[in-house]
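Here is my note on the model shown below. Please read it with the structure open and check each point as you go.

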Amino acid sequence: MTLWLFVARRLAVLVPTLFVVSVLIFSLQQLLPGDAAIALAGEEQDAAVVAAIRAKYHLDRPLVVQYGLWIGNVLRGDFGQSLRNRIPVGELLLSKLPVTAELAVCSMLIALVIGVPAGIVSAARKGTPIDVTANLVALSGLSVPHFWLGIMLILLFAVRLGWLPASGYVPPWENLRLNLTTILLPSFVLGTGVAGVMMRHTRSAMLETLSADYVRTARAKSVPEWLVVTKHALRNALIPVITLGAIEFGRLLSGAVLTEQIFAIPGFGKLLVDGVFNRDYAVVQGVVLVSATLFVLLNLLADVLYFLANPRLRG
Amino acid sequence: MLRRPPAMIALAVVVAFIAIALAAPHLAPFDPNATDFLAIRKAPSDVHRLGTDEVGRDVLSRLIWGARASLLAGVIPVTIAVVCSVPLGLLSGYLGGWVDGVIMRITDAMLAIPFLIVAIALAAFLGPSLTNAMIAIGIATLPIFLRLARGTVLTLKTEEYVEAARAVGGSHARIAVRHILPNMLPPLFIQSSITVAAAIIAEASLSFLGLGQQPPAPSWGSMLNAAQRYLSQAPWMALYPGLMIFCIVMALNVLGDGLRDALDPRFN
């Protein structure tokens, strides 16, 4: 199978999935208790305002027509207008995406630096105290509520030691040093969770490859153990880890909701929470739709990477 | 299972948490909602073992009562998800065809939206309350169970004993209920242990954001929400609720690993 055929097949599944995602997100509006126009008007209960909202969002039209109009606008990049900020939701999303992307990249780097080496060492030293400790740390990383870890790190590094700022964000083009100090703690908080997943997957993939016949052959030929681990076993073990990385990156792009809230980082997550509290439903729908689309596309990227890295799939 | 000490310790921790939640009225030294303006943000002492909060409520008593909200919020959403996923998974996997197509497209779409975002969006649109948070988490976890249930049914329906039941003229309903249903439950139970842990964190996250348990009722997430404002003056307010969440989630994860290892023949 060629790469293009593979991608085309995956896209054929992806398009209906995204269609259903859009229907589900549109349906959220129907969950609003009572009249959606009144709910959307928020504190403005003036009849004229409610009527204007009803007309603007076509709430007096049948649901199918409402969906058709909404998705038509979304496909043209028009997610509606933020009730709170009075600016297009699309503009808001575009301004927040780079912040969340930077946070996701830094978190992923931390996860890779901790998770992959820990998984390799743990597999190579299976059953030893190092393995048990690494497993325990990984499980802790998966079990700790990240928003609590964030609060504890703020308490230690910002309140007690005063080494890092407690919250806030400075863009890298304004001041790179300040940017790195503001992004370090939230990246670590998010990175530890992913590191736990990475470590467990790397360990299990390494254990599988370390017991494969070609590794046994390499050992029989007296290849040094470090070379067996790094050259023979690691190369194949990394294939599933690479694809997992792409999926986890998608999760990081959309899963930083509470971390961004705690560290007051003006990204996607904070936009979602602010949208929820301001009852700015167009913003909530926009964030959820873009998050889901990014997540689906990164899953596609994961599949493509797996296809490229695994010669057996290419026939 | 009995030969796996970490899983047994984890089981003991889970049982202890359940016991604490059930015996909360007898264990809590104070009324969890009783304020004392002469004891605002007092550090741990002999009277208040884990200190007091911003309105003088006893942190230990609120932690003990909060176990109820957190455990309920872990168990109820997963129960909702399992109860819905069993019939839908049976229909989808057993019947196949367009029924399977429709159910699976909706499942794929729900899986495409990250779990916490689904829960936050649903809780936001349903309105803030513990019940709505549990419904939101239940709906958010449903696709995980639905996919697992369907996959198990697909495997089971080609088993020899199912084909034998079909050969002797068993009806579809009888085969599904008598032969497939009992065997599709073990993987769902293993998944439940891990998902209860995720649901507890999700409830704490929603309550932390103000979308779950509403004040003054105690929950570990809402306690952390209040604690965030007094980090430098009263760090104990933030420390203990988080530790409780960490301990129960860790125990459930270890228990989940243990159950999987014990029940999955590939690990034996």
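1. Start with one residue. Ile200(B) is in contact with Ser70(B), Ala73(B), Gly74(B), Ile245(B), Ile248(B) and Val249(B), leaving aside its neighbours within four places in sequence. Two residues are in contact if their C-beta atoms, placed from the backbone, lie within 7 Å.

2. A word on the source. This is a predicted model, in which local features need pLDDT of at least 70 and side-chain atom pairs count only at pLDDT 80 or more, while totals for chains, interfaces and linings use all residues. Residues are numbered from 1 along each chain as its sequence is written, and chains are lettered from A and ligands numbered from 1 in the order in which they are written.

3. Ile200(B) also matters for the next count. Which members of the largest nonpolar core touch the most other members? They are Leu272(A), Ala119(B), Ile120(B) and Ile200(B), in a core of 164 residues. Helix α8(B) gives the most to this core, with 16 residues. Domain 1 (3-75) and domain 2 (89-314) of chain A both contribute residues, so the core lies between them. A nonpolar core is a set of buried Ala, Val, Leu, Ile, Met, Phe, Trp, Tyr and Cys residues joined through C-beta atoms within 7 Å. A residue is buried if 20 or more other C-beta atoms lie within 10 Å of its own, exposed if 12 or fewer, and partly exposed in between; C-beta atoms are placed from the backbone.

4. Now chain A as a whole. Chain A has 13 helices and 0 strands. Helices (H or I, at least four residues) and strands (E, at least two) are DSSP runs, numbered from the N terminus. The C-alpha trace of chain A spans about 85 × 55 × 35 Å along its principal axes. Of the 315 residues in chain A, 40% are buried.

5. Look at the two domains of chain A. Their bounds, 3-75 for domain 1 and 89-314 for domain 2, come from an automatic or database domain assignment. Their C-alpha centres lie 32 Å apart. In chain A, 15 residues of domain 1 are in contact with 12 residues of domain 2. Helix α1 (residues 3-28) of chain A supplies the largest share of the domain 1 side, 11 residues.

6. Next, the two chains. In all, 34 residues of chain B are in contact with 36 residues of chain A. On the chain B side, α4 (97-112), α5 (115-126), α8 (172-209) and α10 (236-263) each supply at least two residues. Helix α10(B) gives the most, with 8 residues. By class, this side of chain B has 26 nonpolar, 6 polar and 2 charged residues. Ala, Val, Leu, Ile, Met, Phe, Trp, Tyr, Cys and Pro count as nonpolar, Asp, Glu, Lys and Arg as charged, and the others, Gly among them, as polar.

7. Finally, helix α6 (residues 130-156) of chain B. Its 27 residues should span 39 Å at 1.5 Å a residue, and its end C-alpha atoms are 37 Å apart, which agrees. The expected span is 1.5 Å times one less than the number of residues. In α6(B), 19 of the 27 residues are buried, so the helix is largely enclosed by the rest of the structure.

8. One residue of that helix is Thr152(B). Is Thr152(B) buried or exposed? Thr152(B) counts as buried because it has 20 C-beta neighbours inside 10 Å. Thr152(B) touches Met184(B) and Pro187(B), not counting residues up to four places away in sequence.
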